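Please open the model in the viewer and display the backbone as a cartoon. The stops below are arranged so that each selection leads to the next.

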Amino acid sequence: MIIPTLGCPSKCSYCWSSEEDSPIMSIETVEDVVAWLKDFRSDPVTFTFHGGEPLLAGADFYRKALPLLSRELKHLEPNFALQTNLWKLTPELAKVLADHEIPIGSSLDGPKALNDLQRSEGYYEKTMRGYEIAKEHGLQVQFISTFTSYSVQFKEDIFNYFLENGLTLKLHPALPSLRSPEPEKWALAPEEYGELLVYLLDKYLENMGQIEVRNINDYCRCVFTGRGTVCTFVDCMENTFAVGPDGSIYPCYRFVGMPEYVMGNVRDHPSREDLAGSAAGQRMRQFKEYVDQECKGCKHIRYCRGGCPYNAIAPNNGEIKGVDPHCKAYQRIFDEITERFNKEMMGSFGLGLTCAPAKAGNSVRPGIMALMQKMIAK
């Protein structure tokens, strides 16, 4: 992951990753990234530009950086992605991104009033302006909705907003903000998050073919395949790295800007062994070992892996005191998917247990095999 800057023009209430006066990455640092990666790895790589707000780097940065990464690291078969609030997207920038067919992730918490209450006044209109520019240039945009202790009360309104506007829904639970004097104010409790996921599973299945809920796809894929398929549920250590504006290397974009998690710098061309031997690298390894020990009795360990290391470590000042605090939520949705799938399978073998799709006045929960079949077809 490449973090061109931690600066951001928005003032989201629950933000944990923005820094005012953050520098912007130079093209020389991108050249250092290229020189480092030439001998660092040989497997395919995806570069995700994240922030802060990565579009603050400007059109000229991407006009130079994208061809440089594509050309000089051709042997790594590079793919690209970008996460932005779209405020700074111009036709000029959109054309540069479209030339490289870069998929865009953006953030929208739901209807305008709710979104702006959480993400700052005027956010919705600025993002929608950028969204229109993106669509005009053929760019694919998908939105992430952050559910907070406040917005979870309006989960039906949020789901219907995405459904009625033909938008794919991906969600994040708000975490305690390390930069706020009231870190827990917006944070979504694990129990509430678990019930939200089950609610969205039901709504997704009831509206199959009309909307896609990315998280539910990911959870189902974990259960069906027996392995983690997104960064929260895989051993990301030693395979995923983030490069900050000054070339510092971190275990993940969420740690960028936290000096105690610097593993090295691209200009020094560190090896995998160098990064793993750093203090931050050793801490990541300790978390993995902690998960192996503490979660060994959990039936979901193969594809959960203790959840996100950042969620587990950062709020505890670097101490490893537990796994991802949303563990209860993950267990809730994994158990729900597994239970429904098993009941449907037994029903299909004539064992008398079925889970038919829900109908008005029918308390039977929706089935899940249709979703599995849809995923296999894709």
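Select Gly 52, which lies in the loop between β1 and α2; helices (H or I, at least four residues) and strands (E, at least two) are DSSP runs, numbered from the N terminus. The peptide bond that joins Gly 51 to Gly 52 is cis, with omega near 10°. This is a predicted model, in which local features need pLDDT of at least 70, side-chain atom pairs count only at pLDDT 80 or more, and totals for chains, interfaces and linings use all residues. Residues are numbered from 1 along each chain as its sequence is written, and side-chain values use heavy atoms, with hydrogens and water left out.

Next, select residues 46-49 (β1) and 79-83 (β2), which pair in the parallel sense over four bridges (pairing requires that DSSP finds at least two bridges between the strands). Thr 46 has Asn 79 of β2 as its bridge partner.

To view their contact (heavy atoms within 4.5 Å), show Ala 59, Tyr 62, Arg 63 and Leu 66 of α2 with Glu 92, Leu 93, Val 96 and Leu 97 of α3.

Finally, go to His 269, in the loop between β8 (264-265) and α9 (272-277). His 269 is not a glycine, yet has a positive phi of about 50°.
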